[in-house]
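Colleague: I am new to this one. Please show me the model, and I will ask how you know each thing you tell me.

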Amino acid sequence: MKDNSAANACLAVLKVSIMKSLLFGLMVFIFEKILIFSNLKKFSLAKRKVGARSTEFCTVKRGDLLQVPRTLFVHFGIYLGNNKVAHLMPDILPAISEDKYLIGKVVTNKRLILGVLAKVASIRVDTVQDFAYGGSIIVNHMDKSFKTKPLSNEEVAQRAEKLVGATSYSLLWDNCEHFVTYCRYGSPVSFQTDKFCDILKKIIRDQRSIVISAAVGLALTLCLGIGPFTTLPSFLITFTLWMAS
């Protein structure tokens with residue numbers, strides 16, 4: 001009897017562990033796909049504007065706002081001079097390691113996604129090349145999007161420098177775009193957030209999202225068995241999507 005109880009307990013723990021691993025992997029996958037689709041249109045627009053908007057980098061001034069398309073998003077930073085850029089980056093590595101050499105390396109997409117999920121970020125200073133990550137840089141393209149004039153370049157740079165270090169992070173309310181718009185225009189705004197929310201609304205309203213969530217819930221239930229850790233989340237997610245659609 002004791003052996004059976006121990007075996008059942010081990011099996012239950014194993015099921016929970018497997019389910020958590022599956023759910024975490026699913027969250028990373030879905031999050032990555034949402035970011036890709038939400039920025040696909042903006043990506044293409046940015047690339048078309050590079051020829052007209054990009055500037056020879058020798059003419060870029062301290063305090064200029066830089067933006068560059070990366071794999072999953074459009075990234076923003078403030079140029080500090082001497083080939084250095086201050087930018088806000090989600091990164092899981094500082095939460096699990098104190099190795100400054102490793103942390104100082106270019107943040108990969110996996111580190112970034114895990115940092116977003118863990119809400120771990122910092123405002124760091126990197127070279128222009130590491131900031132661009134192989135992309136084309138657009139300079140001060142957001143100036144036309146604001147009714148107010150930018151602050152003086154020196155004030156912009158000083159604001160950015162004062163904020164360097166660990167910081168809070170939220171995909172929607174406190175991201176790299178909020179950082180640069182606060183520094184340059186005095187008001188934290190994110191057009192990427194607005195676009196992301198619009199795409200998210202479309203996904204929620206799409207009937208296919210309900211079918212997919214129901215199918216995933218059924219698959220987890222069949223693999224892991226009926227239990228509160230499988231059936232309840234599956235039902236709540238599907239029900240929420242159904243009510244929101």
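Colleague: What makes strand 1 (residues 65-69) and strand 5 a pair?
Modeller: Bear in mind that this is a predicted model. Two strands pair if there are at least two bridges between them. Strand 1 and strand 5 have two bridges, in the antiparallel sense, so they meet the cut-off of at least two. In strand 5, Val139 is the bridge partner of Leu66.

Colleague: Why is Val139 called buried?
Modeller: Its relative accessibility is 12%. Buried means under 20%, so Val139 counts as buried. The C-alpha atoms of Val139 and Val68 are 9.0 Å apart, and 71 residues separate the two along the chain.

Colleague: Where does strand 5 stand in the sheet, and why is one side of it left without a neighbour?
Modeller: The open sheet has six strands, in the order 5-1-2-3-4-6, with antiparallel pairing. Strand 5 and strand 6 stand at the edges. Each has a single partner strand, so one side of each lacks a neighbour in the sheet.

Colleague: How do you know that strand 4 and strand 6 (residues 165-167) pair?
Modeller: They share three bridges and run in the antiparallel sense. The rule asks for at least two, so strand 4 and strand 6 pair. Ala121 has Thr167 in strand 6 as its bridge partner.

Colleague: What joins strand 4 to strand 3?
Modeller: Seven bridges, and the two strands run antiparallel. His87 stands opposite Arg124 in strand 4.

Colleague: Why is strand 4 (residues 121-127) said to be largely enclosed?
Modeller: Five of its seven residues are buried, so the rest of the structure largely encloses strand 4.

Colleague: What makes His87 buried, and which side chain does it make a polar contact with?
Modeller: His87 lies in strand 3 (residues 84-90). Its relative accessibility is 2%. The cut-off is under 20%, so His87 counts as buried. Its side chain makes a polar contact with the side chain of Asp126, at 2.7 Å. The limit is 3.5 Å, so the pair of His87 and Asp126 passes on distance. Beyond four places in sequence, His87 touches several residues, including Phe76, Ile123 and Phe179.

Colleague: Is Asp91 buried or exposed, and how do you know?
Modeller: Buried: its relative accessibility is 3%, and the limit is under 20%. Asp91 is in the loop between strand 3 and helix 2 (93-96). Its side chain makes a polar contact with the side chain of Arg111, at 2.5 Å. A polar atom of the Asp91 side chain also lies 3.1 Å from the backbone nitrogen of Leu93.

Colleague: Which residues of helix 4 (residues 109-118) are buried?
Modeller: Arg111 is one of them, along with Leu112, Ile113, Gly115 and Val116. Lys119 follows helix 4, with a positive phi near 60°.

Colleague: What makes helix 7 mostly covered?
Modeller: Nine of its 10 residues are buried. Among them are Phe179, Cys183 and Tyr185. Asn175 caps the N-terminal end: a side-chain oxygen lies 2.9 Å from the backbone nitrogen of Glu177. Gly186 follows helix 7, and its phi is positive, near 80°.

Colleague: How many aromatic pairs does a search of the whole structure find?
Modeller: One. Phe146 and Tyr185 form it.

Key. Residues are numbered from 1 along each chain as its sequence is written. This is a predicted model: local features need pLDDT of at least 70, side-chain atom pairs count only at pLDDT 80 or more; totals for chains, interfaces and linings use all residues. Side-chain values use heavy atoms; hydrogens and water are left out. Rings of Phe, Tyr and Trp (its six-membered ring) pair if their centres lie within 6.5 Å; planes under 30 degrees apart count as stacked, over 60 as edge-to-face and the rest as tilted. Helices (H or I, at least four residues) and strands (E, at least two) are DSSP runs, numbered from the N terminus. Buried means under 20% relative accessible area, exposed over 50%, partly exposed in between (1.4 Å probe, protein chains only). A polar contact is a pair of N or O atoms within 3.5 Å; within protein, one must be able to donate a hydrogen and the other to accept it, and residues adjacent in sequence count only if both atoms are side-chain atoms. Contact means heavy atoms within 4.5 Å.
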